[in-house]
Amino acid sequence: MPGSPTIWDDLTLILPLIVLWITSFVLLLGDVVVWKKNRDLNPILAIVGTLIALGIAVYQTISLTGDKAFARSLNMDALAQVSMIALLVTGLLAILLAWTYLKNRGLERGEYYPLMLLSVSGAALMGAANDLIVLFIGLEILSFALYVMAGFSRSDIRSEEASIKYFLLGAFASAFLLYGIALVYGATQTTQLSELASRVHSAQTPMLVAGIGLLIVGLGFKAAVIPFHQWTPDVYEGAPTSVTAYMAGAAKIAAFVAMLRVFDSLAPVSSVWLGAIQALAVLTMVFGNLLAIAQTNVKRMLAYSSIAHAGYLMVAIATLAHRLDGPRGAQAGELAMTGSLFYLFAYTFMTLGAFGVLIYLSNRGKDYQQIEDLRGLVRHDPRTAYAMLFFMLSLGGIPPTMGFMGKWQIFYAALSGGEIMLAIVMALTSVMAAFYYLKIVYVMCFEEPREAAPAPAQFSFGASLSVLLSAAATILFGIMPGLLYTLTGLVR
Amino acid sequence: MIIPNYRLGPIDLVTLLPYIAMLCIIGFILAIVPLLIWIERVVISLMQDRIGPNRVGPRGLLQTIADGIKLFFKEDIQPRAVDVRIYYLAPVLAMIPALTAGATLPFSTVRFRMEDGSVQTFPMVVGNVNIGILFILAMASLQVYGIILAGWSSNNKYSLLGGLRASAQVISYELAMSLAILSAVLMSGSLNLVHVVEAQMNGFWNWNLFAYPPLGFIITVIYLISMVAETNRAPFDLPEAESELIAGFHTEYSSMKFAMFFMGEYASMLVVSGVAVSLWFGGWTSPLPLLDFIPGFIWFLVKLFALFFVYVWLRASLPRLRYDALMNLGWKRMLPTALVILFLIACWNTLRTPQAQDANPVSEITMAPARAAEGER
Amino acid sequence: MLNDYLPVLVMMAVATVIAVGMVVGSYLLGPKKPSRFKQSSYECGMTPVGTARERFPIKFYLIAMLFIIFDIETIFLYPWAVTFAGSERAVKLFNLAEMAIFVGILFVGYFYILWKGAFDWDEGQREDAEQPSRKIFEPRAPIRFGNESSGEVRLKAAADVSSSPTEESSRLTHV
């Protein structure tokens, strides 16, 4: 029967994921048996695998072959494919960052890249889930790999602490999420998101409300939303910096794409959850930025800044609630969808870039983590300092950068959706955020270095390429956001 | 032999059958353990050219019964260092699953003449449930709780080591065991042991032992090995190694609590042997159709005692394994072998299945319901 | 359907009664003549040293974790086996392919841990393990029994240790 979809069509749709899986299996076994000591092969093969997957994903996205797959449990639509592209880019940049960083610290164990590729695939599954169970499985694949990677530096006690803390809290949050799924299933007799959208309106029971609440807790934990954020600073600080960079990008993308999907299909009952999301958004924006100001460690500061960015993205999700309120609301919902995807891209580039600068500097031998370490950087390493400057400006949302474009889109969506309060809080807290981002710029550029001239950074191809790519993307898409609109615009 | 279905008010014999089977199993286990111990001692002494028990009763037959009565009246010592509640709980936990695990094990059939004159055959089984094998596996793995809790609560180094070793060993071999059971499930297509046995009727050439030669034979051997290891018997009796661990997890146990671990061990030996009989050796059915007049439970008992003899034989002939050799055998040999054989059996089974007349492309059949729900998109 | 389970439950209850009855019966029937040495932990007739609530090798945890992984995989195969046997050839082929992928992935993990040495109970089996032959002539550290610091072994102190697990030992049990 021509035209009827077969299992091969389903498999073709997840071809990028299959490539990732095969690559990680090859790496896993190859490292143990085939090329035991030649550790440089690992990142190279990982990059090749990711590039192939990225190529397929881009081709599939452009050729608009999106479809539901595997008995409607996966929804490989444009949102899934674009988020997969974002995740693969994150993975690529993170592999480049990890290359010399791991080598310098003797952490070059073969498990690193397979774990990373597997977690990318888990995150992509989360973004493609049309079924709450698949969402949960994706979340677990993502998280398990991250738990292990956070503790990758086995001799470092803080890395171990980060891993255990992340694992215990993460397991707890997974239980919340699973319980929420169970309750939502109990209220609506379905776990499929597309079914949920049509049934949820007639099933407004306390069970549904409790289920949605638990879903918010479970997903909010992954997205690091206050008050479920406690793990973030410790894990970001303790984990090896290359892991932190990856985790910051991938976990955030996965969590928010999943949230976009879930709350998109829960939009008919937005009265149930809108208040909670608004409150969480305000809390996250205000306290994330306030706490970031007090930090002296760059990794911790970036952790709190990632919390604050989660707050901005929550605004987009709150805007989604108005999707069904007439044409204006529908337009706002679409804007929120595309805007948050754009924002996720921007966030990935600038966060990975900022961590990349730290990693690049750390090639000198000592770990660059404190703000003090960056004092007077522009004097002895101007190029790196300027890269950091760009990332800080972008994170702070200063105009010619990508961060501004992303923030502006969400801001605009919130305004047109009628979330005036949230938009105002967002604007105010962004001003607050500029303080601590610019503090780093100030320390780097206007203070005298403490030491005369530290040893020049050992050149690292991977880290410099990664930072360069991130910086280029930050500026390019900041000046010409239309290039990325063609991609994110597919989502509507 | 056909029994009329006696009826007393709302209760008839057919309804009572599971409870009769229950009494048979529990009574059998409790009554047969002394006999089994006697058999073991006599067989081993004969194999080692000794005389063995010969004082109490004819050929020492009552020796173990006397031992049991003696244990009942011995002092119940409770060492100071133990964790009292768990210390008393452990033998109970070791005993309950051992006695209960036989619940889904069919050991015979009974033919009843019903009220309307028809004759119907019923299996003698406590729970004729469709997850019979899973129940037995669950019970078998529950036993490890009794062992590890006994080892831990005794607060004795030997007990702790014995308990740890026992639990590690049991869980290691449970994998191979459940994979072997899985192959039998694949051969018979049911988790209900009654159906598994019924698929092997009419002669020994239908037994799963001889199915898919030689795969059925290999997987049977794997099951038998892991069965011995699962019950911590020689040559896999490291947890109880007298010479190095002083009986392991039950060092601190005295009187009847000590005897309960013993009884639990023998009971689980009986149960896993019974499972082996049902899965591979045709259960209660007779090996030749012309021997069908002999009742089913006799065949079951014969096969059961044959397997018990294998246990004793192994104990008399083989030296104890080293612990790393034990673990290597379980994880590096039996687990992959069992998985590969399972896969081969599945392939063979597929090849043997005749092609359906109106064969559809694979994907359409399996994805059809899901696609239908999707409608035209 | 559920009625079939009732006899199983009854059997469990009967087994519980028998097991508890045995413990209680021997508790009631046996004589009670406790003495200090009879009640001390058994260590081959020597005075017990320390407590048994010690740390034990991490390998047991490793085995337990690996067991859980493989056991769950095996349990996943059970429903597969039941449906497999009853289906027709075309479906069987499809299910076989699915199972091949599943077992293939399982084997990737299996060979990874196998070659990584997680199943090697004895360190000496590892490829990168130190060869014992080199060390055989070096002087060994004196064997420690754990009671050197307490000087002469006194019966009373040892009995105290065995009677009540010390605070230190109760902390160690979590390890």
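In this predicted model, B:N155 is buried, as 24 other C-beta atoms lie within 10 Å of its own. The residue is placed in the loop between α4 (132–153) and α5 (157–188) of chain B. Phi of B:N155 is near 55°, a positive value in a residue other than glycine. B:N232 is found in the loop between α7 and α8 (242–245) of chain B. With 25 other C-beta atoms within 10 Å, B:N232 is buried, since 20 or more such atoms are required for that class. Most residues other than glycine have a negative phi, and most peptide bonds are trans.

Cis peptide bonds were found in chains B and A. In chain B, the bond from B:P213 to B:P214 is cis, with omega near 0°. B:P214 belongs to the loop between α6 (193–198) and α7 of chain B. In chain A, A:I226 and A:P227 are joined by a cis peptide bond with an omega of about 10°. A:P227 is in the loop between α9 and α10 (231–238) of chain A.

Another loop residue of chain A, A:S202, lies between α8 (193–199) and α9 (206–223). A:S202 is exposed, because 10 other C-beta atoms lie within 10 Å and a count of 12 or fewer places a residue in that class. A distance of 41 Å separates the C-alpha atoms of A:S202 and A:L117, which are 85 residues apart along the chain.

Two packed helices are described by the angle between their axes and the distance between the axes. Within chain B, helix α3 (residues 84–100) packs with α4(B) at an angle of about 160°, and the two axes are 8 Å apart. The helices α3(B) and α4(B) are therefore roughly antiparallel, as the angle is over 145 degrees. The crossing of α3(B) past α4(B) is left-handed. On the α3(B) side, the contact is made by B:I86, B:Y87, B:L89, B:A90, B:P91, B:L93, B:A94, B:P97, B:A98 and B:T100. The α4(B) side consists of B:M139, B:L142, B:Q143, B:Y145, B:G146, B:I147, B:L149, B:A150 and B:S153. Sorted by class, the contact of α3(B) with α4(B) has 15 nonpolar and four polar residues, and no charged ones.

The axes of helix α2 (residues 15–34) of chain A and α3(C) come within 9 Å and cross at roughly 20°. The two helices, α2(A) and α3(C), are therefore roughly parallel to each other, given that the angle is under 35 degrees. The crossing in which α2(A) passes α3(C) is left-handed. From α2(A), the residues A:F25, A:L28, A:L29, A:V32 and A:V33 take part. These residues meet C:V108, C:F111, C:Y112, C:W115 and C:K116 in α3(C). Nine residues of this contact between α2(A) and α3(C) are nonpolar, none is polar and one is charged.

At the level of whole chains, the contact between chains A and C takes five residues from each of the two chains. On the side of chain C that touches chain A, four residues are nonpolar, none is polar and one is charged.

The contact of chain C with chain B takes 65 residues from chain C and 72 residues from chain B. Two or more residues on the chain C side come from each of α1 (6–29), α2 (59–85), α3 (89–116) and α5 (155–163) of chain C. The element that gives the most to this side is α1(C), with 17 residues. By class, the side of chain C that touches chain B comprises 43 nonpolar, twelve polar and ten charged residues.

Confidence was examined along chain B. The mean pLDDT of chain B is 81, and 92% of its residues reach 70 or more. Over residues 358–377 of chain B, pLDDT stays under 50. For this stretch of chain B, the model has 21 contacts beyond four places in sequence.

Note on methods. Residues are numbered from 1 along each chain as its sequence is written. Chains are lettered from A and ligands numbered from 1 in the order in which they are written. This is a predicted model: local features need pLDDT of at least 70, side-chain atom pairs count only at pLDDT 80 or more; totals for chains, interfaces and linings use all residues. Two residues are in contact if their C-beta atoms, placed from the backbone, lie within 7 Å. Helices (H or I, at least four residues) and strands (E, at least two) are DSSP runs, numbered from the N terminus. Ala, Val, Leu, Ile, Met, Phe, Trp, Tyr, Cys and Pro count as nonpolar, Asp, Glu, Lys and Arg as charged, and the others, Gly among them, as polar. Axes are lines fitted to C-alpha atoms, for helices over the stretch in contact, and angles run from 0 to 180 degrees between N-to-C directions. Angles under 35 degrees count as roughly parallel, over 145 as roughly antiparallel, 65 to 115 as roughly perpendicular and the rest as oblique. A crossing is left-handed if the near helix is turned anticlockwise from the far one by less than a right angle, and right-handed if clockwise. pLDDT is the predictor's confidence in each residue, from 0 to 100.
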